[in-house]
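Please look over the sequence and the model shown here.

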Amino acid sequence: MEDHQNQVLIGRKLYDAICRFDRSREAREEYYRIMDTEIEVRGEKQTIRDQILRVYAMLFCDDLEMEAGRPAGPDEVEATADRLYIGTAGFDPDHWYRMKHHFPVIDEDNYDRFAALVLSDLKAGSLHDSVVNDGDMLLVGEKNPLLLTEEERESQTLRRIEPI
C-alpha cells in the first residue's frame, strides 16, 4: 500500500507542478503539498521530499563518498546536476538535462525541486515518454564534466538510468 501511494505521488502531477512552478501559484502550492506529504516507509515516517532526496542520492551520488542511506543535500545535487544528459552527452539545451529544464543555478532554494523533477520525469514526464517512444535515455557522465577537455568529454564513461 505505501509503495503504491509513493508511486502515485511521484508521478505526472508532481512533474507538471514543477514544470509550471515559476508561472503559477497553484503549481507551487501543488508542488509543496506533494513534497510535504508524510508517508510511512518500513515503519518510519518521512516526507515525499525525504524519499526523493534519498533515491536521488542512491541513483546519482554513488561516487561522492556519501554515507549510505543519507539523502542528497544542496551540494550533492548541485555537484551531480551537470552530469545528467538526455540521449547523448552534450551541453546544449536539447541534451544537457538541467538547461533543458531551465535550472541554470541549483542551490538551497531549488535543489529538492531539481531532484524531484529528475525522478518524476523518469517516472511520468517527457523523459519517460521519450524513452518509451524514441529510445532516448537519461545518461550520467563522469564527475566534473565542465572541467573535462572536449576530447575527454566525448570519450567519458556514461551510465544509463532506466525509467522508474
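## The second largest pocket

The second largest pocket has a volume of about 200 Å³. Its lining is made by I18, C19, F21, D22, R23, H101, H102, F103, N110, R113 and L117. Two or more lining residues come from each of α2 (12-19) and α7. By class, five of the lining residues are nonpolar, three are polar and three are charged.

Some terms need their cut-offs. A pocket is an open set of points on a 1 Å grid over the protein atoms alone, where a 1.4 Å probe fits, with protein on both sides within 12 Å along at least five of seven lines; lining residues have an atom within 4 Å of a point. Grid points are joined across faces, edges and corners, and the volume is the space filled by probe spheres set on the points. Ala, Val, Leu, Ile, Met, Phe, Trp, Tyr, Cys and Pro count as nonpolar; Asp, Glu, Lys and Arg count as charged; the others, Gly among them, count as polar.

## Basis of the model

This is a predicted model: local features need pLDDT of at least 70, side-chain atom pairs count only at pLDDT 80 or more, and totals for chains, interfaces and linings use all residues. Residues are numbered from 1 along each chain as its sequence is written, and side-chain values use heavy atoms, with hydrogens and water left out.

Strands β1 (residues 38-41) and β2 (residues 44-47) run antiparallel and are joined by four bridges. Strands pair if DSSP finds at least two bridges between them. Helices (H or I, at least four residues) and strands (E, at least two) are DSSP runs, numbered from the N terminus. Opposite I39 stands Q46 of β2. E40 has K45 in β2 as its bridge partner. Two residues lie between the strands, and R42 in this hairpin takes a positive phi near 50 degrees.

In a regular strand, side chains alternate between the two faces of the sheet. β1 has I39 and V41 on a covered face, and E38 and E40 on an uncovered one.

## T47 in strand β2

T47 belongs to strand β2. Is T47 buried or exposed? T47 is buried, at 16% relative accessible area. Buried means under 20%, exposed over 50%, and partly exposed in between (1.4 Å probe, protein chains only).

T47 touches M35, D36, T37, E38 and I39, leaving out residues up to four places away in sequence. Contact here means heavy atoms within 4.5 Å. A polar atom of the T47 side chain lies 3.0 Å from the backbone nitrogen of D50.

## R98 in helix α6

R98 lies in helix α6. R98 counts as buried, because its relative accessibility is 5%. Which side chain does the side chain of R98 meet in a polar contact? The partner is D82, at 2.6 Å. A polar contact is a pair of N or O atoms within 3.5 Å; within protein, one must be able to donate a hydrogen and the other to accept it, and residues adjacent in sequence count only if both atoms are side-chain atoms.

Beyond four places in sequence, R98 touches A81, D82, F103, P104, V105, I106 and F114.

## Two positive phi values in loops

Most residues other than glycine have a negative phi. H102 is not a glycine, yet its phi is positive, about 60 degrees. H102 sits in the loop between α6 (97-100) and α7 (111-124). H102 counts as exposed, at 66% relative accessibility.

N144 is not a glycine either, and has a positive phi of about 50 degrees. N144 is in the loop between β4 (138-140) and α9 (150-154). N144 is partly exposed, with a relative accessible area of 46%.
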